[in-house]
Each structure stands twice: as structure tokens, then as C-alpha cells.
Amino acid sequence: MKKIFLVLSVLALMVSATSCKTSSKVADKAVEQRDAKHEFRGAWIQTAWQDRYQNKSPEACRKYLSQLVETLYQTGFNAIIFQVRPEGDAFYRSSYEPWSRFLTGQQGKAPQPEWDPMEYLINLCHERGIEFHAWINPYRMYMSKNFNLSSNHLYRQHPEYFVVFDERLYLNPGLPESRAWIRSVVIDIVKRYDVDAIHMDDYFYPYPVAGKEFNDIATFQAYAPQMGFNANSRADLGNFRRRSVNILIKSVHDDIRALKPWVRFGISPFGIYRNEKSWEGGSKTNGTQCYDDLYADVLLWAQSGWIDYVIPQLYWEIGHKAADYTTLCSWWAKNIPSPCQLYIGQSIERSLDGAANSASTPKLTVSSKNFLEKVNQARSEKNIKGNCFWYAYQVEDNQFGVRDFLKQSVYTTHSMPPTFSNLDDDAPSKVKDLDGSLVRKGEKVGLHLKWAEPKADKKDQNDPILYYNVYRFVKGEMVNTRDMDHLYMQVASPELIDYDIANSSKYTYVVTAVDHYNNEGKTAKKTFKIKLK
């Protein structure tokens with residue numbers, strides 16, 4: 001057996017790691033994000049109306065989720081938005097709501113043997129420096145026409161909280177009891193799970209259906225006077241509905257802040273806030289409106305500081321007659337105030353150079369003018385800090401060649417999610433006692449790096465370290481942690497083993513701690529000269 005010697009020369013280093021570096025010779029690439037080191041790169045993972053989970057054993061399901069997260073990580077994503085509550089149910093252990101039918105095939109039926117998908121996913125994500133956003137649908141409670149509800153579904157105890165609309169169940173947003181229930185669900189998640197954010201999408205009051213009315217008139221007449229509205233005025237019904245949703249949004253925001261101030265609260269609304277013909281400040285569009293049709297006053301929420309980020313679903317094509325992507329991208333960029341962060345919701349299918357259902361299926365690796373232009377427009381706006389793609393399964397399956405295209409032309413280097421310095425700008429201290437030793441595993445020899453968690457000051461007591469960045473530089477390379485090509489790995493524990501080393505080579509490692517607000521701490525650096533004998 002060869003003897004192994006390690007010659008060390010100390011500098012001062014901080015680590016941040018990722019193995020998802022890619023290189024590309026593709027001629028047409030997306031422009032670089034304004035802040036190349038920080039960009040939100042999210043993907044929605046829908047569980048509603050999916051059979052891919054209920055058809056797997058718990059062991060197979062865990063394996064599948066591990067592969068899915070790893071695929072997204074290797075593609076360059078740094079956030080997932082996972083639907084944990086699709087219809088008043090749960091993809092996690094809940095004492096409030098039943099297990100989801102989309103997990104086990106029957107609402108209320110626990111997986112056997114029982115396990116917790118949300119807890120498992122959070123650990124998977126944080127091991128890779130990926131944010132986990134828990135996506136809940138607040139009011140949508142059962143979307144099939146046959147109400148096959150479990151005995152512990154809220155409807156079984158309190159049917160008076162519900163409105164049946166278009167043969168589907170919704171919590172009545174105007175009832176204080178409905179808001180209290182949703183708040184309890186959110187509080188339970190935030191208390192028990194290390195989520196990075198609570199996420200709600202576009203389903204507030206249901207989308208209008210021709211010839212059908214959402215029957216909340218009795219609720220309006222009962223509570224409108226308390227809010228200062230005229231219970232006999234049809235014009236005030238819309239104001240009452242908006243106020244009801246506003247109360248929920250502010251309450252959820254306040255609940256989260258009181259529990260874990262680093263947990264963000266985000267909304268992904270329908271892509272049109274208001275049309276110009278409805279309001280002079282609206283967009284030059286002609287479609288369903290958040291404010292007037294869904295009673296979601298997203299602009300007020302952003303202006304009031306009740307939400308931390310917004311992801312409007314701008315799924316339309318550039319040049320769409322009713323809802324042009326370029327027009328809407330610009331409108332949202334101009335109207336969402338700082339510090340609320342703005343990301344753009346992108347549809348993969350509707351970003352192709354050709355129809356997804358055409359005889360000749362488009363391939364982004366062959367033709368990507370529309371996709372690149374949409375990403376470039378978002379990246380060119382100073383106020384837009386990233387994108388979120390609908391939906392993750394298409395990336396997993398490399399449908400339309402999207403995974404290859406993203407790696408080659410859009411996410412060519414790793415990126416950290418944007419910082420929320422408005423919530424907390426106190427970066428972690430420098431990690432301590434960075435050192436390394438050579439270890440052998442079979443025929444492989446690696447450098448085992450270890451360090452101690454930085455000492456927390458008083459400001460950090462309620463903001464633990466989320467993960468560590470590990471950067472690596474070879475002899476002759478400038479040590480620059482702004483250059484994300486050198487981000488080697490992101491790890492949740494204060495150690496890693498680098499097996500990608502060569503004899504008689506010199507490596508400099510920099511390690512940094514990252515907190516829940518994505519603040520990166522000071523660098524700790526050390527250089528190692530490898531000698532194998």
C-alpha cells in the first residue's frame with residue numbers, strides 16, 4: 001500500500017459547493033443575469049391529478065423523489081415549489097387534514113409503511129443548497145365532482161364553511177372560520193418543518209364559469225357591515241371579497257413572521273393584474289384579471305409588505321394578441337415595488353418555436369428563439385430576479401429537450417437564490433478550524449475537509465446556518481467567490497470529501513456559511529498540496 005502524505009499551506013477560506021457545473025459551445029445563449037451569483041431558479045412540482053406517487057411503494061417513491069431533485073439540481077435549479085396541500089389534504093403528516101389521495105390513491109389513507117414526503121424532500125433539498133417552498137392551495141378543497149372525502153376532512157365536521165361551485169368544494173373566503181383554518185394549517189407547517197417559504201398560487205376565489213354564481217351572498221350580507229360595506233350593494237360584493245382575501249394574506253404573513261422570520265411568503269398569481277380598460281394603471285391586455293375576477297389584490301399585498309415574492313404566471317407567447325408576454329413582463333417589473341422580489345413564471349410548452357402538439361415536436365436544442373427571448377427579457381429587467389418553470393416533470397423527462405437546453409444555454413453555471421437582506425442583512429461569521437486530511441476508499445483517495453460551525457452572535461440566535469458553500473481553485477487561478485464556475489459543492493454538514501484530486505497538485509478551498517436569508521458569510525480559506533507516495 002502506498003503511503004499518503006499531505007503537505008498543507010494555510011491561507012484563509014470559505015466554502016460553497018455544487019457539482020452541477022456545465023460548459024457549452026452552443027452559439028445562442030441566454031444573457032447573463034444582472035447579478036450572476038444570485039438568481040431565483042425555481043420549478044413547480046404539481047401533485048394534484050398525478051398518479052406517479054400513488055402507484056409507487058414508499059421506498060420507490062423516495063427513490064423517485066431523490067432522482068427528481070438530483071436531476072433538477074444538476075440542471076441548475078436552486079428552488080422547488082412542491083404542492084403539499086392540493087385540496088384540503090396533505091403530502092405530510094398532519095393532525096389537521098387527511099393524507100392526500102394523490103399520494104396513496106385514497107384520501108385519508110396513510111402510506112404503508114408510513115413516511116413523510118415533505119420532510120424527506122426538505123432534507124434532500126437542503127443537502128444540495130436548494131430552497132424548499134411548501135405550496136398550498138388555501139380555498140380549493142376538493143376538485144372532483146364525486147365527493148369521496150375521508151372522515152377527517154374538514155367538510156365532514158363543518159360543511160357550513162364550504163361553498164359548492166361548479167360541482168366542486170371551496171372554503172368560503174368570507175368566513176372568519178375559513179381563514180382561521182387555513183392559518184392553522186400554515187402555522188402547523190412552519191412550526192414543524194424547515195421550509196424556506198410558504199407558497200400560494202392563483203386559486204383564490206374560483207375562476208368565473210359562465211352561467212354560474214359563487215354563492216356567498218349570505219356571508220356577504222352577514223359580514224359586510226362590519227367591514228364598512230353596504231350589504232345591499234352588488235358593487236360592494238367585489239370589495240368585500242377582496243377584503244376577505246386581504247385579511248387572510250396579512251394574517252398568514254404575520255403568523256409566519258412571528259414563528260420563523262426567515263420563512264418567506266410568496267404568491268404566483270394569474271399573469272394579468274388588471275387590464276387597462278378596467279383601470280388606467282393596468283396592462284394593455286384583454287383577459288381574466290386577478291383583481292376583478294379572482295379578487296386577489298396582489299399589488300396591494302406587495303406594496304404593503306405582506307408578501308416577500310411574487311411569481312406572475314406569464315405563460316403566453318411573445319406577441320400573443322390578448323396577453324403579450326413582453327407587455328406583461330414589463331408591466332410587472334414596473335409595478336412590483338422593492339423589497340418584494342419579482343420572479344417570472346414561465347411555461348415550457350408555450351415558449352417553444354412551434355406548437356407542442358404539432359406533428360413534428362419542437363426541440364429546444366434545435367430552435368429556441370422564443371424561449372431565449374423570454375428569458376432574456378426577464379433578465380434584462382432590473383427588478384426581475386429570476387424565473388420559475390412550469391413544470392418540473394417536463395425537465396425530468398427532458399421533454400422538448402428542455403433539460404439539455406437549460407444546461408447548455410440558460411443555466412450554464414450555478415447560482416444562489418437571491419438574498420432577502422431587507423429581512424435580515426446580518427451575514428454569518430467565518431467558519432472556524434478549516435482543515436483537511438487524505439482518506440482512502442478502495443482505490444480512491446480523497447481530501448476530507450472539515451470545519452466548525454461559525455460562532456453565532458446575538459443576531460444569529462434565531463437564524464441557524466442553512467448550508468455551506470465550498471469553492472475550489474487550482475494553482476494559478478484567482479481566488480474569487482463571485483465566480484460561480486468555482487463553486488464546487490453545497491453541503492448541509494460541515495465536511496466533505498473531494499475525490500477529484502491529483503498527485504502533486506495544489507488546491508485552494510474557500511468555505512462560507514449561508515443563512516436562511518441567503519446571506520453568505522465571510523470566507524475561510526486554506527491551500528493543500530497533494531503528495532501521494
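Predicted model: local features only at pLDDT ≥ 70, side-chain atom pairs only at ≥ 80, totals over all residues.
Local features required pLDDT of at least 70 and side-chain atom pairs pLDDT 80 or more, while totals for chains, interfaces and linings use all residues. Residues are numbered from 1 along each chain as its sequence is written, and side-chain values rest on heavy atoms, without hydrogens or water.

The structure holds 41 aromatic pairs. A pair requires ring centres of Phe, Tyr or Trp (its six-membered ring) within 6.5 Å; planes under 30 degrees apart are stacked, over 60 edge-to-face, and the rest tilted. Tyr-207 and Phe-270 form an edge-to-face pair. Their centres lie 5.9 Å apart, with 75° between the planes. This pair links distant parts of the chain, 63 residues apart. Tyr-207 lies in the loop between β9 (197-200) and α6 (217-223). Phe-270 lies in the loop between β10 (264-267) and α8 (290-294). Helices (H or I, at least four residues) and strands (E, at least two) are DSSP runs, numbered from the N terminus.

Tyr-207 is partly exposed, at 22% relative accessible area. Phe-270 is buried, at 16%. Buried means under 20% relative accessible area, exposed over 50%, and partly exposed in between (1.4 Å probe, protein chains only).

Tyr-507 and Tyr-509 form a tilted pair, 6.5 Å centre to centre and 40° between the planes. Both residues are buried.

Ring pairs also join Trp-44, Tyr-315, Trp-390, Tyr-391 and Tyr-393 into a cluster. Arg-52 lies over the face of Tyr-393, 3.7 Å from the ring centre. The charged end of Arg-242 sits over the ring of Tyr-291, 4.0 Å from its centre. Such a placement requires NZ of Lys or CZ of Arg within 6 Å of the ring centre and within 35 degrees of the ring normal.
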